[in-house]
Amino acid sequence: MNNKRSITVKKNERGSVTLEASLVLPIFIFIFLFCYGILMMFSGQQLISHALLQSAESLSLDSFASEKIGDTGLESAKSAVNMLYESIISNSENKEYFSSNEKWYSGADVSEEAKKRFLGYFSGGDESKAASVLSIVGINDGWSGMTFHDSYITDDGDLHVIVNYEQKFLFDFGGLTVFDRKMEVIAHMW
């Protein structure tokens, strides 16, 4: 009699596994996708902050190359540095994205040079590649959604490269998950 009773109990429990799975599985998938969305947002912030840091450091060295070396009066040293610089940079197809011989820092608007330098360090100067990567990590409007208008140079020679953008969560719930982001890097002009 005990055998019949245990078989009857198992027959009654047969549907409970399906019911439990149908309740737990959507919750598990939601938690997994939520964690994946958080990681993608973090990854996007890391990519942007790294390119922003490289851009600011590169921009801060432009004044050293054009003024400090140029003001020494040592034409042979200046020509040697220029030859070395040109030999390194001439191998790059997009050298205008990584350095500038112009005195962009003496003007009032730093934003255009900051945006160009950021593009160089972020995607090698390829706007379509930058737009693609930025849209994958949730930046609204891709490359055109990145603004550098707040960038400036202080009287003390500190370069402030500031980027503003909106980042959305990977799974946008009716526009409720858009975050305004602002990153700033400060580098001293040489």
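So, where is the place of Ser58? Ser58 is in helix α1, which covers residues 2-68. Helices here are DSSP runs of H or I with at least four residues, strands are runs of E with at least two, and both are numbered from the N terminus.

Quick housekeeping before we go on. This is a predicted model, so local features need pLDDT of at least 70 and side-chain atom pairs count only at pLDDT 80 or more, while totals for chains, interfaces and linings use all residues. Residues are numbered from 1 along each chain as its sequence is written, and side-chain values use heavy atoms, with hydrogens and water left out.

Okay, the overall picture. The chain has four helices and three strands, and from the N terminus on they run α-α-α-α-β-β-β. Of its 190 residues, 31% count as buried. Buried means under 20% relative accessible area, exposed means over 50%, and partly exposed is in between, using a 1.4 Å probe and protein chains only.

Back to Ser58. Is Ser58 buried or exposed? Ser58 counts as buried because its relative accessible area is 10%. Leaving out residues up to four places away in sequence, Ser58 touches Phe98, Arg117 and Tyr121; a contact means heavy atoms within 4.5 Å. With Tyr121 there is also a side-chain polar contact of 3.4 Å. A polar contact is a pair of N or O atoms within 3.5 Å; within protein, one must be able to donate a hydrogen and the other to accept it, and residues adjacent in sequence count only if both atoms are side-chain atoms.

Now follow Arg117, one of those neighbours. Side chains of opposite charge can pair when their charged atoms come close. We call it a salt bridge when a side-chain nitrogen of Lys or Arg is within 4 Å of a carboxyl oxygen of Asp or Glu, and that rule gives three of them.

Arg117 pairs with Asp62, with the closest N and O atoms 2.6 Å apart. That pair links distant parts of the chain: Arg117 is in helix α3 (residues 111-123), Asp62 is in helix α1, and they are 55 residues apart. Both are buried.

Next, Glu113 and Lys116 form a salt bridge at 3.7 Å between the closest N and O atoms. Glu113 is buried because its relative accessibility is 12%, whereas Lys116, at 30%, is partly exposed.

Finally, Arg117 also bridges to Glu113, at 3.0 Å between the closest N and O atoms. Through shared partners, salt bridges join Asp62, Glu113, Lys116 and Arg117 into one network.
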